[in-house]
Amino acid sequence: MQINIITISTQQNLKSSATDLQRISEQTPGTYQIIFRFLERFHIGTLRAIQALATRTAKPAVYLLLGVLPVEAEIHKRKLTFLHSLTTCSNNKIKEIINRQIAVNFDNNNSFFFQSALLLAKYNLPDIFDKNIPIPSKLSWKKLVKTEISSFWTLRLKEEAHQMSSLKFLNLNFGNANSTHPVWDSVEQNLIEIRKASTKVRMLTGTYMVQADKHKFSQYTIDPTCLLCHREIEDILHVLTQCPVLCNERKEYFTPIKQLVTENSPPGTWELLFNNKLAVTQLVLDCTKYMKQLGFKEELILKLETFTRHFCFKLHYKRISLLKKLDG
Ligand SMILES: [Zn+2]
């Protein structure tokens, strides 16, 4: 089921992107910028489809959760690897051409060597055009390029994510742009678990639709009050920690979460850290925020992720079932 959704979505994405490229190419002759924009759009669209996320999902989260760099970073990696191959090439004819290009074209903004010099500066990499600097081996260079590009994009994506209120529960002090977030890392090759994880990721990225969102998107005409309990505004915090109509499922699936934390942390930790609904919501949506305080290693984090994934999905399932009944 999930694979079908993802496959159809990816195919639609590919088809629509290909049509876009054709349309753009017909309107104006192809340029690097046009092709680049197409690639970027296709890349982000595919990453969203893989995670079954809405198009309004904030871009930094789409990359950070999967541990994938934007297409621009990938192009830069390949450009810089190619640059190393050129500068270390032993073929005399090629060396002559390179030296001539550097001498004639270095101040040409569009030349490969000018662009490469900008990239070296952008990523704080050694100036391998400088004859006085020893050129690293191919392996060392690739490793260095990968590390520097990853650091640069981790910082940039996290800075962007920091500005977005929809990502307030995503812990930006955890991981880097090359590592998969535990929300996906904890999922095995199992369609039901993938479906559960998609639901949780929508909650984590602020794209899980609740009454408060409908209120906002309808220019404040739709009532934001919870349709199940009619007691208060339905936001994600209400669904996960407060709605009394979901209390049976909440109690059943929250018990293993609390048990795992209390059994594996010093006495009193639970009462100290999780004494309010906001902290509990944070624990459920992205427990990496408390990794240090809890002293949890990767294995326990993945286990906690699994429990919280079940918790989110069970509440979602019950909520949707009840809403469908209300709709008649
Ligand atoms: Zn409610």
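**View 1. Overall fold of the predicted model.** Residues 24 or more positions apart make up 64% of the protein chain's contacts with a separation of 6 or more. The secondary structure comes to 16 helices and 0 strands. Along the principal axes, the C-alpha atoms fill a box of roughly 75 × 55 × 35 Å. Of the 328 residues, 27% count as buried.

**View 2. Confidence along the chain and at residues 1–10.** The average pLDDT of the protein chain is 89, and 91% of the residues score at least 70. Over residues 1–10, the pLDDT is below 50. This stretch still has 12 contacts in the model beyond near neighbours in sequence. Where pLDDT is low, predicted coordinates should not be read in detail.

**View 3. Helix α7, residues 138–162.** This helix has 25 residues. Buried in α7 are Trp141, Val145, Ile149, Trp153, Leu157 and Ala161. An α-helix has 3.6 residues a turn, so residues three or four places apart point the same way. The buried residues of α7 pack against α3 (59–66) and α4 (71–87).

**View 4. Surroundings of Ala161.** Ala161 is one of the buried residues of α7.

**View 5. The largest nonpolar core.** This core has 53 residues. Those with the most contacts inside it are Ala61, Tyr63, Leu64, Leu65, Ala161 and Phe311. The elements giving two or more residues to the core include α3, α4, α7 and α9 (191–204). Also among them are α11 (236–242), α12 (247–263), α14 (277–285) and α16 (298–327). Domain 2 (73–149) and domain 3 (184–327) both contribute residues, so the core lies between them. In soluble globular proteins, nonpolar side chains tend to be buried together.

**View 6. Helix α14 and its cover.** Thr281, Gln282, Leu283, Val284 and Leu285 are buried in this helix. Among the elements covering the buried residues of α14 are α9, α11 and α16.

**View 7. Gly175 in the loop between α7 and α8 (182–185).** Gly175 has 18 C-beta neighbours inside 10 Å, so it counts as partly exposed. Lys196 lies 21 residues from Gly175 along the chain. The C-alpha atoms of Gly175 and Lys196 are separated by 22 Å.

Key
Residues numbered from 1 in each chain as written. Predicted model: local features only at pLDDT ≥ 70, side-chain atom pairs only at ≥ 80, totals over all residues. Helix = DSSP H or I, 4+ residues; strand = E, 2+ residues; numbered from the N terminus. Expected span 1.5 Å × (residues − 1). Buried ≥ 20, exposed ≤ 12 C-beta atoms within 10 Å, placed from the backbone. Contact = placed C-beta atoms within 7 Å. Core = buried A, V, L, I, M, F, W, Y, C linked by C-beta atoms within 7 Å. Domains from an automatic or database assignment. pLDDT = per-residue confidence, 0-100.
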